[in-house]
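Me: I am new to reading protein structures. Could you walk me through this one, a step at a time?

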Amino acid sequence: MKRIILTGGGTAGHVTPNIALVPALQKKGFDIRYIGSYNGMERQLIKDIKLPYYGISSGKLRRYFDLKNFSDPFKVMKGYFEARALMKKLKPDVVFSKGGFVTVPVVLAAKHKGIPVIIHESDMTPGLANRLSIPSASKVCCNFPETLKHLPEGKAVLTGSPIREELFQGDKEKGLQFCGFDDKKPVLLIMGGSLGSVAINNAVRGELDTLLETFQIAHLCGKGNLDTSLEGKKGYAQFEFVSDELRDIFACTDLMISRAGANAICEILALRKPNILIPLSAQASRGDQILNAASFEKQGYSYVLQEEDVTNESLLKAVTTVYKNRTDYINAMNKSKLADPIATIMGLVDELTK
C-alpha cells in the first residue's frame, strides 16, 4: 500500500482542498496521514474525517516587526526536526502540501529524505510559505494561467483547486425549502466570508426591496451580522453560517455575490454559477483576492466590483447586468480548462509514486 502525507493549515482554505482529495486517494488505495500544527483549526477538521493526525511545532514567518519574530524561528526549527522524525517513521511515498506556515518544515523534511513533494498554490502569486517551499517541490499546482510565470519551468502545472464532491450533490428542492423559498423567482446567494462584509451587507440590505422584486435572496452575512428587523421578510433568508445545507443552497442558486478567495471562486467556477466578485481590499489583505478576481474577469467568468466602489446603486447595477447576461458567463465557464482538478492532481501523484 502506498502512503501519502497531506499537510496544510492555519485557515480552512489550506485544509479543505486536502479533504477534497481524500475520496480519490482512498479509491486508489492510499494510506493517508496528515501533518498539521499542534492545535491549529486543521486538527478538528481532519479529526472529523477520521484520518490519523500528527501535530508539529509551528511558527509564523512575518514580514513586519513583532516580538514573536524572535521566538518563532525556534518553533519552526523544532517543527522541522519533528517532521524529519515523522518522515523516518511513516516512510511516505509522496507529500501533498496545500500551504500555510506549518507546511514549510514538512516540505523541507521530505526533501531531506528524498520524498517527492507536490505543492498547491491557490492564489495568483505564491504566498511566503509556498515561496519558501517551492525549491524543494517536485511539482507545483496552481489555479490561474497567470501564476505559471511565477513558478519554475518544469515544475508548474495548471490544475485548478480540488473541489469537495458533496458540493455537486446538492438538492434544489431541499435548498428552496431550507430557505423558505418557492420556485417562482430566481435565487441570489450572497457570501461575504465567515466574518461577513459590512460593505456588502449594507449594500444588499440598502437595496433589499428592489432586489426582492426580481430575486429571492439567501444571505450568508457572517457571525454577529444578522439584522433582526428583517426576520420573516418574504423572500429573504439570512444566516450567520451554513454547513451541510450549503450544497443544497448552491443547487437552487441562479446568481452569486462572493468574496474572491481562491477556493471560493474555484467552487463558483466548478458549479458554473454567474457571479459578482467583491475582493478584499489591499488594505485588508496582501491583495491576492484583487488579483484572483481580475483573472476571472479577464477570462469572462465574473463581474468584478471593488470593495471601495460598493454602494447600493453599484451593487444593484452589477446584479442587473450579470443576470441579464448570465448565459455569457456560463458559456465562458464551460470553456474552462480546469475541468477536473482532482483527476489532474491524482495523475501527478501516480507519476511521482511509480
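This is a predicted model: local features need pLDDT of at least 70, side-chain atom pairs count only at pLDDT 80 or more; totals for chains, interfaces and linings use all residues.

Me: Which residues of α10 are buried?

Reply: Residues are numbered from 1 along each chain as its sequence is written, and side-chain values use heavy atoms, with hydrogens and water left out. Buried means under 20% relative accessible area, exposed means over 50%, and partly exposed lies in between (1.4 Å probe, protein chains only), while helices (H or I, at least four residues) and strands (E, at least two) are DSSP runs numbered from the N terminus. By that test, the buried residues of α10 are Ala262, Asn263, Ile265, Cys266, Glu267, Ile268, Leu269 and Leu271.

Me: Why is α10 described as largely enclosed, and what do its buried residues pack against?

Reply: Eight of the 10 residues of α10 are buried, so the rest of the structure largely encloses this helix. Contact here means heavy atoms within 4.5 Å. The partners of the buried residues of α10 are α1, α9 (246-252), β11, β12 (275-277), α11 (288-298) and α13 (326-334).

Me: Which residue forms a salt bridge with Glu267, and how far apart are the closest N and O atoms?

Reply: A salt bridge is a side-chain nitrogen of Lys or Arg within 4 Å of a carboxyl oxygen of Asp or Glu. The partner lies in the loop between β7 (156-158) and α6 (172-179) and Glu267 in α10, so the pair ties together parts 103 residues apart in sequence. The residue is Arg164, and the closest N and O atoms are 3.0 Å apart.

Me: Glu307 and Arg259 also meet in a salt bridge. How many residues apart are they?

Reply: In this pair, the N to O distance is 3.1 Å. Glu307 is buried, at 19% relative accessible area, and Arg259 is buried too, at 9%. Glu307 sits in the loop between β13 (303-304) and α12 (312-324), and Arg259 in the loop between β11 (255-258) and α10; this link between distant parts of the chain spans 48 residues.

Me: At what angle do α1 and α14 pack?

Reply: Two packed helices are described by the angle between their axes and the distance between the axes. Axes are lines fitted to C-alpha atoms, for helices over the stretch in contact, and angles run from 0 to 180 degrees between N-to-C directions. For α1 (residues 16-27) and α14 (residues 341-353), the axes are 10 Å apart and the angle is about 60 degrees.

Me: Which residues of α14 does α1 meet?

Reply: The α1 side of this contact consists of Ala20, Leu21, Ala24 and Leu25. On the α14 side, they meet Ile342, Ile345 and Met346.
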